[in-house]
Each structure stands twice: as C-alpha cells, then as structure tokens.
Amino acid sequence: MAESFGTELVEQLQRNIGDAFLAVSGEDLDWGALVVQMLGQLLVSVIYLGVFFGIYLVVTGAIRLVLGKQRAKTPLFLQVRSTLRYLAGLGALVFILAQFGTSPEVLKAMARAGFMALGFYVAWLVLARLIKDSMVRYKMDPSIRQLVENLFSVVVSALAVVTVLAQFGFDVVSIVAGLGIVGIAVGFAAQSTLSNFIAGITLLIERPFRIGDWVTINGQDGKVVKIALRTTWLRTRDNIFAMIPNDSVASSDIINYSAEGVTRLNIPVGIAYKESAKAARDVLMPVLLTHPEVLQGAGMEPRVLLKSLGDSSVNLEAKVWITPDNLDVQPRIMADVLEQMKEALDAAGIEIPFPHLQLFIDDAKGLKPVLEPLYSKREANG
C-alpha cells in the first residue's frame, strides 16, 4: 500500500514537471538526459571548488613558508589569508554559474562587483587603521573615537553597497531618491530611535561621562563600558549589563563619580553618650592611616568628625579617599574599613550603642488581673 502510494506520487510529480517544462520550452522532458546533465554539472562544480580551494591552500602555504611561523600569526597575514579566501570563493562562484548558463554580462557584473567590494574592504582596513592611529596619537577621548569609527564604517558600507549595485545596472540616483523618501517616512515612524541617535551624538560631544567612568543614571549605578549611537551600556558591580536609551540618559540627572579623579567615602559610626569622641577618634585614626587602599596624600588625609548627636548615640563619620581604580570595589573597601573600626572600638572598650526601649506602666488597670498574680508570686518567693 505504501509502496504503491509512493510510486504514484513520484509519477505524478514527473508528469507535472514534464508538463511545466513542455509549456515553457515547447519540448518534452527527457528525464535521463536531465539526470545526466545535473550530475555532470554537479561534478564540474565540485572540481571547480577543489581547484580554487587547492590554489588557495598552495598560495597561503607558500606565503607562510616565506614569512615563517611567527610572522604568519600577525594580523596582516590573517587579513591577506581572508582576502585570498574571498578571491578563491569569488572565482569558484563565477565559474560555477558560467556552466549553468548564466549570461556573460551578469558574470562580468558579478566579477566587477566582487572586486569593487574587495577594494572597499581593503580601503576600509587601511583608512580605519590610519584614523585609529591618528586619534590615539592625539589622545582623543575613547567616546569620540568610537563615534568617528562608527560613522566611518557606516559611510564606507553605504558607498560600497551603492557601487556594487551600480555594477548590475541599477539606477543609483533613483535608489538614493527612493531611500530619501523612505527615510522620511521611517523617520516619522521611528521618532524614538532618531531621538536616541541624536541624544547619543549629544552625549559624545558634551561628554558628561566617558568610557570607564562610574556613574549613576536613572538611579542605576554602573561603569560605562560603551556609548553607542542609540544606547549607553553600564556594567554594575554584580557584572550585570544595563542598556539605557540615550534619550533617557540625556534628560536625566547624571552623577559622575570619576570625573574629578579621587573619590571620598563617608563611613558613619556611632558611640555611646558616655564615651569620649576624642578617645574614639584616637582609636579609629590608626585604622584609617594603616589601611592599604585609603589615600594618605596632602589634602586627602583621613579624618574622623563628629557628625551629629543622635537619639541614642554620638554619631561620628570617617572620611577617607580612594583612587578611581578602586571604585569597582568601593563597597568592599567600605565594609572592610567599617569592620576594622568596630574591632578597634571593641578592643578599646568603647561602647557602640543600639536602640533600647523602656516601657513604664503606671495605672494600667486593665493589666491588674495579669500583674497581681505575678507580684504575689514574687513576694512569696521573697
């Protein structure tokens, strides 16, 4: 049953394909000749692939022998190898399409487009390297470098696409005009994206923060790892990445902890009212002066100040400075300093108070049935 159904299905497909071929070419379809032709073309395609791949291996192997093992690991050799691989693939594609009856005009256009694309790729590599070296030489901000590199990549890519399309006879002027009209329509439909794009350029120009700065944006603390044209990327101390739209970044309050270099930490600590603030300061200062991650330079000396008089404690505040590199571990430094201060106060016998609650009951008649048995029992036990 299943075999007869499969046989009928194959025969039906053959009839349908034959009828379609007859309608197009006016001739009957010879299945045997078609199979032979397809197998022959497939075999020739495999041979072409093997030939071009073999040429690629021979050339790259020769270059590797000439350069040596060490030089063969350089980025320049890797780029040359990628170029040769691209040329081998382009040549194999042209030869394979030629045997399938592709017109010479299309093959020429494809070859020209392939070489044009390769030329743009090489120009992009060279110019991008020169631009990057120039920006590094003049010590430009990483955010500005990122903006220039992104814009350069977009411009080169657009020119490459237009040039490649022109090789196939497309009217580039009409395409650009059509894209302009479509761009206007897309602009109205994607106002949020355009707003983020413009805000991203504004951020890169005004530079309220730079890559590597620790900031607070929209209540989110993090280190700036990337300023893209649409979003700003933050990495929190928990290694969680947050992408905030640039429009929201530009319109929100920004706190930059790295803009002025060193940062001061304010660490609160309380002592009992019976204790001396001066004695507590004398105990805490050695802790701050000997901590390895607390700065000791001029104008950045550690201090212990009397902050306020609380309800149940005398509130002191330790003020210490840390380097921008230690902002990544700021909570750990604060916790470490606070722990050492507590141990020092405990060792000196200085009390760190905690809130106490005292309850006074004068004439609470409602509690008399409960309290009287307790009083009687206490009196009986003497």
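User: In this predicted model, which residues touch the most other members of the largest nonpolar core, and what makes a set of residues a nonpolar core?

Analyst: Leu288, Leu316, Met341 and Leu345 touch the most other members of that core, which has 25 residues. The term applies because the set consists of buried residues of nonpolar kinds joined through side-chain atoms within 4.5 Å. Two or more residues each come from strand 6 (263-271), helix 9 (277-290), strand 8 (314-322) and helix 10 (330-348), and helix 9 gives the most, with six residues. Apart from this core lies another, of eleven residues, including Leu203, Leu204, Phe209 and Val215.

User: With which residues is Leu316 in contact, leaving aside its neighbours within four places in sequence?

Analyst: With those neighbours set aside, the contacts of Leu316 include Ile267, Pro268, Val269 and Ile271, together with Ala277, Ala280 and Leu284, and also Val304, Leu305, Leu306 and Lys307.

User: Why is Phe100 called partly exposed?

Analyst: Phe100 has a relative accessibility of 46%, and the class runs between the 20% under which a residue is buried and the 50% over which a residue is exposed, so Phe100 counts as partly exposed. Phe100 is found in the loop between helix 3 (75-99) and helix 4 (104-137), and, leaving aside its neighbours within four places in sequence, Phe100 is in contact with Gln41 and Ser45. The C-alpha atoms of Phe100 and Leu42 are separated by 10.0 Å, although these residues are 58 residues apart along the chain.

User: How do you know that helix 3 is roughly antiparallel to helix 4?

Analyst: Helix 3 and helix 4 pack at an angle of about 170°, with their axes 10 Å apart. Angles over 145 degrees count as roughly antiparallel, and therefore helix 3 is described as roughly antiparallel to helix 4. Among the residues making the contact are Tyr86, Leu90 and Leu97 of helix 3 and Met110, Phe115 and Tyr121 of helix 4; the residues of this contact divide into 15 nonpolar, three polar and no charged.

User: What makes strand 4 and strand 5 the edges of their sheet?

Analyst: Five strands form this open sheet in the order 4-3-2-1-5, with antiparallel pairing. Strand 4 (241-245) and strand 5 (254-256) each have a single partner strand, so one side of each is left without a neighbour in the sheet. From one strand to the next the twist averages 40°.

User: How do you know that strand 1 and strand 5 pair?

Analyst: Two strands pair if there are at least two bridges between them, and three bridges join strand 1 (residues 214-217) to strand 5, the two running antiparallel. Ile217 stands opposite Ile254 in strand 5.

Technical notes:
Residues numbered from 1 in each chain as written. Predicted model: local features only at pLDDT ≥ 70, side-chain atom pairs only at ≥ 80, totals over all residues. Heavy atoms only, no water. Buried < 20%, exposed > 50% of the residue type's maximum accessible area, 1.4 Å probe, protein only. Helix = DSSP H or I, 4+ residues; strand = E, 2+ residues; numbered from the N terminus. Contact = heavy atoms within 4.5 Å. Axes fitted to C-alpha atoms, helices over the stretch in contact; angles between N-to-C directions. Parallel < 35°, antiparallel > 145°, perpendicular 65-115°, else oblique. Nonpolar A, V, L, I, M, F, W, Y, C, P; charged D, E, K, R; others polar.
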